[in-house]
Amino acid sequence: MWIIAILLGRVPELLEYLTNSLTNSTSILKTANEPHGIDPLATDGIVPSAAASGAIRIKNVHFRYPSRPLVPVLNGIDLSLKTGERMALVGASGSGKTTILQLIHRFYDPQQGKS
């Protein structure tokens, strides 16, 4: 009887955990199903052409993260990398190295500029 009483005493705590889990799951699914604004079939932005050769060319790219629209991250960046070439992006923390890679991989589209 004592063990059953202890277990029944924990039911409200377990129900709270269950409710929080369901609320968080709903929020995550809602966010995952929202349109992200990047058209994978678009021909603008940093998108390889149909005859892509593996070369990367970025011309006059300007970018600001949507979560910080007043903070410019890239201002007029130009980059050209031929097929088979290697390049190292070197710079201080916050200088845009990861942002350039995210733009190449289409996690984001630039506000200005073209590939």
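## Close-up views of a predicted model

**View 1. The whole chain.** Among contacts (heavy atoms within 4.5 Å) between residues at least 6 apart in sequence, 57% join residues at least 24 apart. This is a predicted model, in which local features need pLDDT of at least 70, side-chain atom pairs count only at pLDDT 80 or more, and totals for chains, interfaces and linings use all residues. Residues are numbered from 1 along each chain as its sequence is written, and side-chain values use heavy atoms, with hydrogens and water left out. The chain has 3 helices and 3 strands. Helices (H or I, at least four residues) and strands (E, at least two) are DSSP runs, numbered from the N terminus. From that end on, the elements run α-α-β-β-α-β. Of the 115 residues, 16% count as buried. Buried means under 20% relative accessible area, exposed means over 50%, and partly exposed lies in between (1.4 Å probe, protein chains only). The accessible surface comes to about 9200 Å². Carbon and sulfur atoms hold 61% of that surface. Areas come from the Shrake-Rupley method with a 1.4 Å probe; for residues, only the protein chains shown count as cover.

**View 2. The sheet is open and antiparallel, in the order 2-1-3.** It has 3 strands. Strand 2 (74–81) and strand 3 (112–114) are the edge strands, each pairing on one side only. From one strand to the next, the twist averages 5°. Two strands pair if DSSP finds at least two bridges between them. Strand 1 (residues 56–63) meets strand 3 over 2 bridges, in the antiparallel sense. Lys59 stands opposite Lys114 in strand 3.

**View 3. Helix 3 lies across strand 1 and strand 2.** The helix covers residues 97–104. It runs at about 115° to strand 1. Axes are lines fitted to C-alpha atoms, for helices over the stretch in contact, and angles run from 0 to 180 degrees between N-to-C directions. Thr99 lies in helix 3. This residue counts as buried because its relative accessibility is 5%. Leaving aside neighbours within four places in sequence, Thr99 is in contact with Phe63, Tyr65, Val73 and Leu74.

**View 4. The largest nonpolar core has 9 residues.** They are Ile58, Val61, Phe63, Tyr65, Val73, Leu74, Leu79, Ile100 and Leu103. Such a core is a set of buried Ala, Val, Leu, Ile, Met, Phe, Trp, Tyr and Cys residues joined through side-chain atoms within 4.5 Å. Strand 1, strand 2 and helix 3 each supply at least two residues. Strand 1 gives the most, with 3 residues.

**View 5. Phe63 is in contact with residues that include Thr99 and Leu103.** Neighbours within four places in sequence are again left aside.

**View 6. Asn60 and Arg106 have positive phi values.** Neither residue is a glycine. Phi is near 55° for Asn60 and about 65° for Arg106. Asn60 is found in strand 1. With a relative accessible area of 41%, Asn60 is partly exposed. Arg106 lies in the loop between helix 3 and strand 3. At 16% relative accessibility, Arg106 counts as buried.
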